[in-house]
Amino acid sequence: MLLYLTRRIASSLFALLVISVIVFLLSHLSGSPVDALLPDDATQEQVDSFIREWGLDKPLWQQYLTFLGNALQGDFGTSLKWPGEDAMGFVLDRMPATLKLGGLAILISVVIALPLGIAAAVYKGSPIDSLAQVFALLGQSMPNFWLGIILIWVFSVWLGWLPTSGTGTFAHSILPAIAIAWFQVSALARLTRSSMLEVLDAEYIKLARVKGVSETQVIWKHALRNAAVVPLTYFGILAASILTGSVVIETVFSWPGMGWVAIEAIRGRDFPVVQAVIIAYAVIYMLSNLVVDLLYVVVDPRIRHG
Amino acid sequence: MTQSQDAPLLEVKDLRVEISTKAGSFFPVNGHSFSVRSGETLGIVGESGSGKSMTAMSLVRLLPKHAARITQGSIKLNGRELLSLSEAEMRKVRGSEIAMILQDPQTSLNPAFTAGQQISEALRLHSPGPRSTLRARAIDALRKVKVAAPEHRVDNYPSELSGGMRQRVVGAIAISCEPKIIIADEPTTSLDVTVQAQYLRLLSELQQETGMGIIFITHDFGIVANLCHKIVVMYFGRIVESGTVERIFARPAHPYTEALIGAVPKLRGHKGRLRTIEGQPPIPTEPLSGCPFAPRCEKADNRCFNELPPTVDADGDGEHLASCWRVLEQ
């Protein structure tokens with residue numbers, strides 16, 4: 001088991017290293033920051049001093065090593081768009097807002113999707129099952145920015161129950177969280193349903209019933225424990241994509257999180273900040289998958305002892 | 001109970017199960033009557049699809065929901081009618097009074113729980129006690145089914161056990177609550193022959209110790225001969241012949257039974273090709289008049305194709321019944 005975890009962590013770190021190379025190169029492919037940041041009529045001296053200041057005159061690999069060395073200390077340089085702001089610090093300042101929204105969306109997804117998927121499997125072919133299918137179809141076919149706009153129109157403009165955008169109270173986070181969660185609810189519920197259906201047919205479920213185990217226990221203890229592996233795998237992707245995929249929704253709802261920073265930084269070709277955002281996203285992605293790997297160990301004894 | 005020693009433990013009368021499908025409905029269990037006494041082993045024999053497993057599942061009332069249901073008959077355990085129990089009462093019967101051993105040891109244990117957890121779950125449901133006692137009793141049950149080093153095996157997950165070992169754990173679950181009846185549904189089909197023989201010997205040893213009744217479901221007439229006291233032969237959802245092992249092997253009354261016995265290889269005597277039964281059973285949802293075995297029967301005449309044969313007393317003493325026109329003619 002220790003070997004299993006070591007391997008997981010090692011491969012995460014390696015992936016992170018590869019991402020750092022890509023991130024470094026991408027920012028350089030998108031055009032010189034000189035053109036973006038200095039006025040058109042800048043003198044050659046201004047340009048030269050700028051290049052020297054940012055190390056843009058050195059060979060690419062040297063630039064990368066400098067970048068990596070600084071990055072390891074959390075130093076991604078200072079923002080070009082927001083002068084005086086430390087790039088990573090600026091991103092980290094926005095992280096709590098994203099985590100808050102993402103956390104709520106994850107909570108909504110799991111709390112709705114698991115029971116929905118289980119109920120759909122247990123009462124296969126019943127109205128509950130059909131309802132779950134329609135719900136899933138809706139969630140997966142609506143783009144979330146469109147859903148966000150519709151939600152604003154219905155609940156903020158028409159009914160006036162919730163604020164249209166911005167942040168501050170809990171009420172502000174409800175609509176964006178739902179907009180993010182719906183797609184994930186659909187995916188997770190469908191996976192839970194199919195995985196449960198398969199397990200419910202197994203001989204050991206029959207044996208549990210034969211032993212006199214109640215139906216509730218059969219479903220929540222015997223079946224779910226085995227069916228959980230598939231939705232759990234997806235949960236890693238879900239958590240990661242909710243946290244990193246909030247870019248669009250944060251823009252729709254003017255939610256001042258990392259996604260919003262990412263969009264603004266890209267617009268301004270503020271590449272220290274863009275790099276910081278991408279690395280921060282990558283770390284979130286790795287961590288949530290690592291948590292899932294740990295959960296596997298809890299759920300499936302074959303991994304614990306394998 | 002005020003039952004005499006000789007009264008049957010389990011008495012099934014005129015049991016009928018109906019399955020409804022889009023293509024129509026049919027009866028995989030059609031008018032079954034049989035009984036099991038304490039210490040007795042009843043073999044239910046028949047080919048795949050004859051309704052053996054349906055019979056087993058209907059005894060514990062665990063038929064597939066919606067699709068199948070018991071439409072008539074009676075199942076009495078120690079004189080108590082099981083068909084009129086509520087679902088909660090029936091749950092108390094399952095595992096504690098009637099236990100079951102399922103077909104496939106590879107898949108009938110839950111991979112997420114240890115052997116001990118799965119044994120003590122049954123114990124906890126039917127005779128609760130503190131955790132440490134449950135564990136000790138689980139180890140005890142493993143010892144009874146002759147698992148070596150039970151105090152270590154108790155903490156093993158199914159994936160860490162061999163096929164024969166898993167089957168023993170399934171057996172340990174079944175006997176843990178000291179049931180009156182064990183239903184074994186082809187428990188050895190997927191085991192190799194030596195393990196199979198050991199397991200069957202173990203079952204009869206346990207039976208001698210506890211006096212439980214066993215219902216043994218199989219398609220293998222060879223096993224039946226060694227293990228069972230009485231036999232019920234099923235074909236197409238009906239009992240075509242029933243009686244003691246000695247009678248049926250000595251004088252099979254139904255041509256189907258005769259053919260099945262003929263299909264078992266023998267060590268001595270007659271050499272040559274084994275007999276097989278040509279053809280397939282009828283399609284359940286299609287209307288049928290006459291004896292369902294008639295199309296495959298060498299001795300069938302016009303009447304066999306047109307009229308369903310009655311159940312008749314083959315030897316005149318009520319110990320050997322068969323449903324065949326030929327028996328009447330003798």
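Of the 306 residues of chain A, 37% count as buried. The model described here is a predicted one.

**Chain A**

Chain A contains 15 helices and zero strands. Along the principal axes, the C-alpha atoms of chain A occupy a box of roughly 85 × 55 × 30 Å. Among the contacts of chain A with a separation of 6 or more, 74% involve residues 24 or more positions apart.

The UniProt record, an unreviewed entry, carries the feature "transmembrane region" at residues 12-30, 101-123, 144-164, 170-189, 229-253 and 273-299 of chain A. Two of these annotated spans are set out below, with their computed secondary structure and end-to-end C-alpha distances.

| Span of chain A | Helix | Strand | Distance between end C-alpha atoms |
|---|---|---|---|
| Residues 144-164 | 71% helix | 0% strand | 16 Å |
| Residues 170-189 | 100% helix | 0% strand | 26 Å |

**The nonpolar core**

The largest nonpolar core comprises 163 residues, and V91(A) and V277(A) are those with the most contacts inside it. Helix α8 (residues 170-200) of chain A makes the greatest contribution to this core, with 15 residues. Which residues surround V91(A), once its neighbours within four places in sequence are left aside? They are M258(A), V261(A), V273(A), A276(A), V277(A) and A280(A), each of which is in contact with V91(A).

**Chain B: domains and record annotation**

The domain assignment of chain B gives two parts: domain 1 (10-97 + 179-329) and domain 2 (108-178). Taken over C-alpha atoms, the centres of domain 1 and domain 2 of chain B are separated by 30 Å. Where the two meet, 12 residues of domain 1 of chain B are in contact with 13 residues of domain 2 of chain B. Helix α7 (residues 193-210) of chain B provides the largest share of the domain 1 side, namely five residues. By class, that side of domain 1 of chain B has eight nonpolar and four polar residues, and no charged residues.

For chain B, UniProt (unreviewed entry) places the feature "domain: ABC transporter" at residues 10-261. This span of chain B is 38% helix and 28% strand, and its end C-alpha atoms lie 27 Å apart.

**A sheet in chain B**

Chain B holds an open sheet of four strands in the order β2-β1-β4-β5, with antiparallel pairing. Strands β2 (24-36) and β5 (80-81) of chain B stand at the edges; each has a single partner strand, so one side of each is left without a neighbour in the sheet. Strand β1 (residues 10-21) of chain B pairs with β2(B) in the antiparallel sense over nine bridges.

**The interface between chains A and B**

Contact between the chains involves 24 residues of chain B and 19 residues of chain A. On the chain B side, α2 (87-93) and α3 (115-126) each supply at least two residues. Of the elements of chain B, α3(B) gives the most to this side, with four residues. By class, the side of chain B that touches chain A has 11 nonpolar, seven polar and six charged residues.

How values were computed
Residues are numbered from 1 along each chain as its sequence is written. Chains are lettered from A and ligands numbered from 1 in the order in which they are written. This is a predicted model: local features need pLDDT of at least 70, side-chain atom pairs count only at pLDDT 80 or more; totals for chains, interfaces and linings use all residues. A residue is buried if 20 or more other C-beta atoms lie within 10 Å of its own, exposed if 12 or fewer, and partly exposed in between; C-beta atoms are placed from the backbone. Two residues are in contact if their C-beta atoms, placed from the backbone, lie within 7 Å. Ala, Val, Leu, Ile, Met, Phe, Trp, Tyr, Cys and Pro count as nonpolar, Asp, Glu, Lys and Arg as charged, and the others, Gly among them, as polar. UniProt positions are given in the numbering used here, feature names are shortened, and annotations may be inferred rather than shown by experiment. Domain bounds come from an automatic or database domain assignment. A nonpolar core is a set of buried Ala, Val, Leu, Ile, Met, Phe, Trp, Tyr and Cys residues joined through C-beta atoms within 7 Å. Two strands pair if DSSP finds at least two bridges between them.
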